[in-house]
Amino acid sequence: MDRISKFIVRYRNKILLVAVLLLIPSVIGYFNTGINYDILSYLPKEAESMKGQEVLDKDFNLASVGMMVTNDLSDKEVVSLKDKIEKIDGVKQVFWRDDVLDITFPKEMIPETLQKQLYSKDSTLMIVTFEEDTASPKTMDAIAKIKEVSNKDCYLGGMSAIAEDTKDLANSETVKYALIAVLLSLVVLYLGLESSVAPLIFMLGMAFPIIYNFGTNIFLGKISYITQALAMILQLAVTMDYSIFLLHRYQEEKKKAENTTNDMAMVKAIQATFTSITSSSVTTIAGFLALCFMQLRLGGDIGIVMAKGVVLGVICTIFVLPSLLMIFDRQIEKYTHRTLIHELKKVPGFVVRHAKFLLLIGICIFIPMGFAQANVKQYYDLTSTLPSDLSSMKGTEELKDKFNMNTTHFILVSDTLPTKDIQELSGKIENIEGIENVLAYENFVGGGVPGTFEPEAIKDIFENGGYKLLIANSDYHAATDEENKQLDKIHEVLSQYDKKALITGEGMLSKDLITTTNEDFKVVNVLSILAIFVIILITFKSIALPFILVLAIELAITINMGIPYLTHTTLPFIAGIVIGTIQLGACVDYAILMTTRFREELSLNKSGKEAIRVAIQKTSPSIITSGCSFFAACIGVSLISRMDLISSLCELLARGAIISVISIIFILPSMLLLGHRLIEKTTKKWPITKEDQYE
């Protein structure tokens, strides 16, 4: 490391130049990385709903479907609007009554099933199909153009319309997230650092790994809008510590000897910081990588991007930040102010005197909060929490009010089923509670009609690739108990006619999402804990310490995730998986820092009480500054975001950071002090103290 440190300092300006030049391809990569606004598309391919989606896409060319409600338009005006929509690039087909019967004939001549599907008082419904999948750029552009050519009292509902509105909302808010996170982090850094300039240098230094991270996402093809919104905030919150470590060590090395040059001080600072940064970053990286084991591929999306971000943060701290700190060294030293975040003076003594009581409090809190965490309500229908003023939300409301449609089930059965069975099957499904109507080709054409008289446009929609399609409209919202039971009953009916039948659509996708994430929660939590447990075991060569450190953070996580139960808050489904992993991976650094300092003080022949007292006092500024920086980066976003998913995740992360700080300063030292004898016996080369030092 000595050679590398000297190389970095000697060629720091050239390294900085290369770093600046690398921003160019990173920016290009950023603008060429796709964003996925359809969370349900991350379901595993083997899920029934995803198999159904594949059939709809490949065989029926129904990659995505939208429902257009028009109000107070004559049939001629509807046909005119339909023609305009069909000419839009990305629209495959628009289905309406004129595909079955010319508008010169009374609508009463249309089969009753189709009438109920397409008419409601002064409103009518058109089914719009798109050439590409729900959240593709081409579909998004098509929806935007549909809005342009439609009248004010026309509303487009469906998953594609919701995805397009989500895109507009996310794009308009992401810049705000970045600005508020940076500004509030600067405030915390200003309160915790003596230098008035250093926070600005840190932010400049953080720009490099953040831009690199977003630029290198091009290798993933596309990332989710959730990852896009959270990545910058999390990277800023998680890796800012590394910059603080390097600056403090650099300033410390400069003061050690009068004849020490800035170059020599930085070389030593890089050497000393490299070990602490890499060891602490490994736990964070492990936490993020645990997300990659989720069946829901959204976890891998977030995990890879964030793990990559931490690695880039470490690299840039070691290679790029030294140059920035040395360039602005005079300004950093010249412009200073009094800080508000200092070493804790009274708290260490309080913790030592009341160690048993504090640990007892921790245990007493852990048990009920564990129950609370296990019983927090979750929601899986992300669309229901979007702002009500979005056009897609108005379209969804129109579908409900005018046509009693909340969700649409696409049912695929074998094309070998005779017309009689299809009609019988449709009737049984229509009788299931909550089903408004079922649309099937056989229901409005009939088995006795010669094939030459069958409308081909309709036949193409309902029969393809060895399957026949039935469309069932449900009164229930997706991801509710009522709809999930409804889907189970549909499966029971289908099994009587075709055991290989498939159901897809928003309702079935959401049902599969619930099943998938329930399994993911268990797997990811266990893997993240095991990974960090092993890393701590290797780092400290100890059996007892991994248990102690992980328990201290798990206490903080349990409290954080149990609070929503007490406040009657319903969380997004992803929260339980992502928050626990991120909080564990990011905040265990505080525990490692405290434990390392405790061991260092013990090695100086200090008693256990004195060692833990000094450890709390000396590490508290770094822990508090880091935790508050994490809090600041997230809390602002939670307050301004109109997307409940983003707002909820950021609120949990912000609160989790503060709770973790409290746990590490009050509970962990109590555990280390009371478990000192056990640690000494189960840890290799742990400092040995006299028996009376435990008293």
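Visitor: Under what relative accessible area is a residue called buried?

Guide: A quick word before we start: this is a predicted model. A residue counts as exposed when its relative accessible area is over 50%, and as partly exposed in between the two cut-offs. Buried means under 20%.

Visitor: Is Lys82 buried or exposed?

Guide: Lys82 sits in helix α4, residues 75-86. Its relative accessibility is 3%, and the cut-off for burial is under 20%. So Lys82 counts as buried.

Visitor: Which side chain does Lys82 meet in a salt bridge?

Guide: Opposite charges can pair up when their charged atoms come close. Here the N to O distance is 2.7 Å. The partner lies in the loop between β3 (91-95) and α5 (112-118), so the pair ties together parts that are 16 residues apart in sequence.

Visitor: How many residues apart are Arg642 and Asp389, which meet in a salt bridge?

Guide: Their side chains meet at 2.8 Å, N to O. Arg642 is partly exposed at 39%, and Asp389 is partly exposed too, at 46%. Arg642 is in the loop between α24 (608-640) and α25 (644-674), while Asp389 is in the loop between β8 (378-379) and α16 (391-403). This pair links distant parts of the chain, and the separation is 253 residues.

Visitor: Which helix holds both Arg613 and Glu610?

Guide: These two side chains form a salt bridge with an N to O distance of 2.7 Å. Arg613 has a relative accessible area of 29% and Glu610 has 31%, so Arg613 is partly exposed and so is Glu610. They are 3 residues apart, about one turn of the helix, and that helix is α24.

Visitor: How many salt bridges does a search of the whole structure find?

Guide: Some charged residues join up in a network of salt bridges: Asp89, Glu131 and Lys138 are linked that way. Searching the whole structure gives a total of 21.

Visitor: What is the nearest side chain of opposite charge to Glu554?

Guide: Glu554 is in helix α22, residues 544-566. Setting aside neighbours within four places in sequence, Glu554 is in contact with Phe366, Ile529 and Leu584. Glu554 is buried but has no salt bridge. The nearest side chain of opposite charge is 14 Å away, and it belongs to Arg655.

Visitor: Is Glu46 buried or exposed?

Guide: Glu46 is in the loop between β1 (34-36) and α3 (48-58). Its relative accessibility is 54%, and the cut-off to pass is over 50%. So Glu46 counts as exposed.

Note on methods
Residues are numbered from 1 along each chain as its sequence is written. This is a predicted model: local features need pLDDT of at least 70, side-chain atom pairs count only at pLDDT 80 or more; totals for chains, interfaces and linings use all residues. Side-chain values use heavy atoms; hydrogens and water are left out. Helices (H or I, at least four residues) and strands (E, at least two) are DSSP runs, numbered from the N terminus. Buried means under 20% relative accessible area, exposed over 50%, partly exposed in between (1.4 Å probe, protein chains only). Lys and Arg count as positive and Asp and Glu as negative; His and the chain ends are not counted. A salt bridge is a side-chain nitrogen of Lys or Arg within 4 Å of a carboxyl oxygen of Asp or Glu. Contact means heavy atoms within 4.5 Å.
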